[in-house]
Amino acid sequence: SMAAAELWGASLTGSDRPVQIMGLRVSPSLLSVLRVSPAAGRGFEEADEQVVLLSHSLWQRRFGGEASAIGRDMTLNGASYRVIGVMPAGFHFPPFWAEKAELWVPLVFPPERANSRGSRSLRVFARLRDGVSLRQAQAEMSTIASRLQQSFPESYAGLGARVLPLEEVKIG
């Protein structure tokens, strides 16, 4: 299975003063790829758009750890998002560039970005099928990257794909 994520800075308003919170926009499959489930509430579904998953610490700070937080709305970047779940205490998104994320929202592309090939903001994560080696996955991703270079040379010239174990990316 595969999932994508990108950094997302959120301005949380509606309380005493606005607060900047680091978040991630993620594809619905991310939690299953990471094999993690919310401690309360639910994860993302394909049709979700204006919903949010909270870190345990943000849930404690913002809602006092109340179960009634699930189903309530919060304002992020001027838009209303419904709280659908709370991640387990101590959960941090694994890659080093996003360990401080405290909320997760669905990765939804606006029409002007849906077919754009110029953005390089997405990070892609995958879980290999049992029996598939890292070398096999790299070969398949190299083939896909080569086909993209041939089909869209203006967007993919000089680019490729690297398959790395998440632990190696995180720890080095």
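The legends below describe close-up views of a predicted model. Local features require pLDDT of at least 70 and side-chain atom pairs count only at pLDDT 80 or more, while totals for chains, interfaces and linings use all residues. Residues are numbered from 1 along each chain as its sequence is written, and side-chain values use heavy atoms, with hydrogens and water left out.

**View 1. Strand β2 pairs with β1 and with β7.**
Strands and helices are DSSP runs numbered from the N terminus (strands, E, at least two residues; helices, H or I, at least four), and two strands pair if DSSP finds at least two bridges between them. Strand β1 (residues 2-13) is antiparallel to strand β2 (residues 19-26), with 8 bridges; here G9 stands opposite M22. The hairpin of β1 and β2 has 5 residues between the strands, and its G14 takes a positive phi near 110 degrees. With strand β7 (residues 103-106), β2 pairs in the parallel sense over 4 bridges, and G23 faces L103.

**View 2. L24, F93 and W104 in the largest nonpolar core.**
A nonpolar core is a set of buried Ala, Val, Leu, Ile, Met, Phe, Trp, Tyr and Cys residues joined through side-chain atoms within 4.5 Å. Buried denotes under 20% relative accessible area, exposed over 50%, and partly exposed in between (1.4 Å probe, protein chains only). Among the 21 residues of the largest core, L24, F93 and W104 touch the most other members. Two or more residues each come from β1, β2, α1 and β4 (51-54), and α1 provides the largest share, 4 residues. A second, separate core has 17 residues, including I21, L54, W59 and M74. In soluble globular proteins, nonpolar side chains tend to be buried together.

Contact means heavy atoms within 4.5 Å. Apart from neighbours within four places in sequence, L34 is in contact with F91, F93, P94, R127 and L166.

**View 3. R42, E45 and D48 form a salt-bridge network.**
A salt bridge places a side-chain nitrogen of Lys or Arg within 4 Å of a carboxyl oxygen of Asp or Glu; by this rule there are 5 salt bridges. In the network of R42, E45 and D48, the closest N and O atoms of R42 and D48 are 2.8 Å apart. R42 is partly exposed at 30% relative accessibility, whereas D48 is buried at 11%.

**View 4. The salt bridge between R61 and E102.**
The side chains of R61 and E102 meet at 2.8 Å, N to O. R61 belongs to helix α2 (residues 56-63) and E102 to the loop between β6 (79-86) and β7, so this pair ties together parts that are 41 residues apart in sequence. R61 is exposed, with a relative accessible area of 51%, whereas E102 is buried at 17%.

**View 5. The salt bridge between R82 and D73.**
The closest N and O atoms of R82 and D73 are 2.7 Å apart. R82 is partly exposed, with a relative accessible area of 39%; D73 is also partly exposed, at 41%.
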